[in-house]
Amino acid sequence: MITLKNEYMTCSFDENKGQLREISRGGLTLGFDGLGFDFGCDEKMAVGLLEYQSMLEFRTWNLPGIVPTGAEFDLIPAEYTYDEKSFTADFHLEKARVKLYYELEGEALKVRLEIANLTSSPLYLNTCAFVLGLNQVEDVVFDFPANTPIQHCHAAELKPLEAVQTGLINFAVHTALPGGDFNLLFIDDIEKWGCGVYRDETCTRYVYDAGLEMDLAPESVCEVGTLYLMPCEAGAQNPYLQIRDLTARLGYTPCTGGIHEGVMYSCHPSGTMDAGFPLKTDLFEYADYLPTLKKMGVDHVWLLPVFEHNEEGVYHSNDQSVIDPRYGGEEGCKYFCHKAHELGMTVLFDYVPHGPAPEFPVAKDNPEWPAKRRDGSLQDEWECVSMDYNHPGYQEYTTRLVHDHVKRFGVDGARIDCAMGGLSNWRPYRDNRPSGNSVLAGVHITEAIRSGFLRGGKKSFILPENFNPLPNYYHCTDLFYGMNLYRAFVDLQPLLSSDPAQYAALLTDFLEREAWITPPNYHKMRFLGNHDTVSWVWQSARAVDCYGAGAARALFALIALMDGVPMIYQGDEDPSLYGGKGENLTAYFTLLFGHRKAFIPKGNSTEWLHTNSPLMAFVREGEVMVLINLSQNRQEYDFAGRQVRLLAASAENGQGAEDTVTLGRIPAYGYQIVRCL
């Protein structure tokens, strides 16, 4: 056996097959069936561990699928080298050489993969996967913290060779074992990736499948992502917190100094997307609604795109430098922003960097900016070009566009549409690879828009539409677009009426793990619906229609009183705004947001409490406890003999503000805020 060792762990490799066999740390020993790899090469898999899937027709939201074949990884390295801290295995395939570089890096074993072209012709590469085999199936319980599916999965209960795959790009998998825990992290700074776990007869196998797309030139080399294996011995630090600590040591830290607090309202002067934008008002007229929003407790107004657009809709902007005359043009926008600022509110524009229809000047006059297919034709999505966010000319154009909006209108921040990147560009700028117009490009366009505000002297207030809780975006994101929590709400929806106690338990567990793995100063936007989800994706309905008015109120209280920035979509307060029927919730939101501002300490800390009941319970900043009843029956909470002072409640229930109590009584779908004495 070949052994690597540092002060934290010992790793052993098979001397004949060059494969990882064991990692030991303290009292924990993990046995492995090795680390295999597979990648698409000239339209078939090079090794055959996974089924081939072309990515050429993928849309921006598609992730590489994980379909195992059951084949074994039986390649033997042509050579290997090692010293005390590193091991390199060199595998020679028919057309390519693959090197796996193992290196001890603190408390983790770091693995890099490199592909080299051994032929005299370009190699068409399509996906590249790491496949790690843990020599255990029984008693293996894994989960994807901050991602879906949200439950803890038992490997022994999986059907053989059927992978459990995450709904969003996933960087961390946690596994609980009888003798300790095991974290597996993957970060690719260039392309998106799929993540999943499956089992065979003897092993639990973890797969990270990078969405690599490129033509690798003869005698050229490319690297694809980095894998980190982290054993966590029993009784040591919380293993989820070790995920947070490792990403921090790798240099992924949130930006500071921006805007992270307040209540957000998403809207458009013409009305709501689910109603087909029926109001036809302009920004002059819509400004009259700002005092109502301010009174309700709204701090930030996110305007859906108001730029010049064709009949396809507001997200088909022709020229983002022009405010559409339908919405009052230049003067209407100035007026709206001025009125918002007079009320102490900020305004966010919704930028659409994916690009206009191909006949419009931004695309037509800059032919090197739009992404191209393999045959050189334009990539297109939603009848628009897909811009290459990695092109420095397009980045500077975008920065100047934003800076100009700051000067003209005083706009304060940005929601960024499609910030997870665009479609692969087979005519990339310089040495970028086609699949670089994904995660790498998403980060670049976010940085470009942020730079426009900083140039204009504004605080950073950046909300990229990045569904995926990835460390790559930490440094340029003021608010993470919390689609992962929304997806948890969707997955759990059937339980809310049938078993609210189980709903509360699963949601508490999800939120607790999310809090553990993300930096304490990484701020999140929380919502029950947005313009997309009420119109055409997932629930395709309003929260009040999905859950009923009572349960929706309870969930609105949850997102308003936990950490993060709550966002409600136009009409959530008044269904008549989208042609709906039902209770007007303006007074409820006014009370709720008022309680948030008066009694919830500023900060980003939430300690989640497990109640074994339909109550969601958490402590904010170590000072204030919040209790939210997710059921239609009154619930009680015993403060275990401690006296607490009732600060606020959603409804009277025999307990008044400033009462000192030892038992909380929370009415159906109500909430209470208390301070421990």
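Predicted model: local features only at pLDDT ≥ 70, side-chain atom pairs only at ≥ 80, totals over all residues.
1. A word on terms to start with: two strands are said to pair if DSSP finds at least two bridges between them. Strand β8 (residues 108-117) and strand β17 (residues 221-233) pass that test, pairing in the antiparallel sense over 7 bridges.

2. β8 and β17 sit side by side in an open sheet of 9 strands, with the order β5-β6-β7-β8-β17-β14-β13-β10-β11 and antiparallel pairing. The edges belong to β5 (79-82) and β11 (153-154); each has a single partner strand, so one side of each is left without a neighbour in the sheet.

3. Stepping back to the whole protein chain, you will find 12 helices and 37 strands. The radius of gyration is 26 Å, close to the 26 Å that the globule rule gives for 677 residues, so the chain is as compact as a globular protein of that length. Along the principal axes, the C-alpha atoms fill a box of roughly 75 × 70 × 40 Å.

4. How much of the chain is buried? Of its 677 residues, 62% count as buried. The chain exposes about 24200 Å², and carbon and sulfur atoms supply 47% of that area. Among contacts between residues at least 6 apart in sequence, 68% join residues at least 24 apart.

5. Helix α8 (residues 483-498) deserves a visit. Its 16 residues reach 24 Å from the first C-alpha to the last, close to the 22 Å expected at 1.5 Å a residue. The helix bends by about 55 degrees at Leu492, and a proline, Pro494, follows within four residues.

6. What does α8 pack against? Its buried residues, among them Tyr486, Phe489, Leu492 and Leu496, pack against β27 (480-481), α9 (500-517), β28 (524-527), α10 (543-547) and α11 (549-561). Leu492, then, is both the site of the bend and one of the buried residues.

7. Last, take a look at Trp426, in the loop between β25 (413-416) and α7 (439-455). Is this residue buried or exposed? The cut-off for buried is under 20% relative accessible area, and Trp426, at 8% relative accessibility, counts as buried. Leaving aside residues up to four places away in sequence, Trp426 touches several residues, including Leu56, Tyr124, Met214, Arg373 and Pro434. Lys372 is another of its contacts: 54 residues separate Trp426 and Lys372 in sequence, yet they are 5.4 Å apart in space, C-alpha to C-alpha.

Technical notes
Residues numbered from 1 in each chain as written. Heavy atoms only, no water. Helix = DSSP H or I, 4+ residues; strand = E, 2+ residues; numbered from the N terminus. Expected span 1.5 Å × (residues − 1). Bend = angle between axes of the 7 residues up to and from the residue. Buried < 20%, exposed > 50% of the residue type's maximum accessible area, 1.4 Å probe, protein only. Contact = heavy atoms within 4.5 Å. Rg over C-alpha atoms; globule rule 2.2 N^0.38 Å. Areas by Shrake-Rupley, 256 points an atom, 1.4 Å probe, with all protein chains shown as cover.
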